[in-house]
Every structure is written in structure tokens, then in C-alpha cells.
Amino acid sequence: MMRGGMRALLAMEDDLLPAAEAGTGAEALRLACELELELDLILLDMNMPGMDGLETIRQLRAAGVEARIVIFSVSDDHANVLAALREGADGYLLKDMEPEELISQIRLAALGKLALSPELTRVLAEAIRERPKPGHGVPMASLTKRERDVLRLIAKGQTNKMIARKLDISEGTVKVHVKNLLHKLGLRSRVEAAVWVLEHERIRS
């Protein structure tokens, strides 16, 4: 019923086209890898039979799926929110959102922004403030120009394919840069990389 309602809601928007739906994480993984369409965004539940949302995110990213992934869940457990973002999710929305706000957040996510229910923004802010800062002591100037370019495009929500086009390099080269950057800065996800860039740009300005 929830999937049917979401599909009907999205279908009412001229700029949003529901491509497929799945009832399990395994089915979502199969569809994301097999669909001829290039997906822009995947709306994913946290609690599903078989693979849960976190494991589904891991497997989607491991399979090279670059679509934006937004968790859509009834759970506002802080640990789940942070774990999802660290595993590679691009947002976390709660199912009690008003339809208009939900559509607005989905559009933000599709444009490369972080989609987050308003009541969860404090969770993310506190986590970033309280934990040891990754990349601490690694100045932006110590990175190569190419690494800085890649980081800034990540912060703008660009996918590997979009970064490759922008910088006129191969997608494989971008993947290597992203992997090396995350390792060098001690980061675990593109979301953390985006936060790192914003913090360093703010300090420098």
C-alpha cells in the first residue's frame, strides 16, 4: 500500500517518473543493476524482509550503482540515521512527512543536495560536532589540484559520471580519486566528504 501510494504521488509530478518498485532489498538491487534506464534516485526503506536498508545500500554501492539513495523510514533512531549516511545514503526522510514536503525533499536529493527531515538535522549536526573530526590536520592545500576539484564536485552532489564529464577524465579515474581521497582524509562516505569541504571552505574564507 505504501509503495502504491508513493508511486501515485510521484506520478502526479511532471518532472518525476517512477521507474520501478521492489518489495525487498534483494529485488531492489537486481532491478537497479538490470534496468536499462539510468536511475537518478532510489527511495529505500530501512526495515525490509531479508536485507535491511543498510545492507542494501552497501550492496548497491558495491555494485557501482551511483543513483542518489534516500532512506524513507518510520524509524528516527539516531544510530540508523548516521549509519545510513555513512554507508552512502544521500538523505533520510521520515514517513510522517507531509506529501508536499516529501516531494520537495526528493527534488533536492535529485539535484545533489542532502535530503533530511527537519527534525533530523540536529542529529547530524551534533554527530559532526561531537566526533573527532576526520581529516583533521589535513589542509586543503596539501591535496593535489585534481583532488581538490573532485572534492568540490562531490560537495555539489555530482556523481562519478558527472565529475568525469566535467573534468574530462574517465569514470574509472574518478572512482580511484574518490577512494584515495576518502582514505587520505579518514572519511567513510561522500556525505562526510561534502561536509569536510564545506568546513574547510568556511574556515579558509
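1. For residue classes, Ala, Val, Leu, Ile, Met, Phe, Trp, Tyr, Cys and Pro count as nonpolar, Asp, Glu, Lys and Arg as charged, and the others, Gly among them, as polar. On that basis the lining of the second largest pocket has 12 nonpolar, eight polar and 12 charged residues, and the lining of the largest pocket has 24 nonpolar, three polar and eight charged residues.

2. The model is predicted: local features need pLDDT of at least 70, side-chain atom pairs count only at pLDDT 80 or more, and totals for chains, interfaces and linings use all residues. Numbering starts from 1 along each chain as its sequence is written, and side-chain values use heavy atoms, with hydrogens and water left out.

3. A pocket is an open set of points on a 1 Å grid over the protein atoms alone, where a 1.4 Å probe fits, with protein on both sides within 12 Å along at least five of seven lines; lining residues have an atom within 4 Å of a point. Volume is the space filled by probe spheres set on the points, which are joined across faces, edges and corners.

4. The largest pocket holds about 1000 Å³. Of its 35 lining residues, L10, A20, L41, I42 and L43 lie nearest the centre. Helix α1 supplies the largest share of this lining, five residues. Helices (H or I, at least four residues) and strands (E, at least two) are DSSP runs, numbered from the N terminus.

5. The second largest pocket has a volume of about 870 Å³. It is lined by 32 residues, with D90, I154, S189, R190 and V191 closest to its centre. Here α10 gives the most, five residues.
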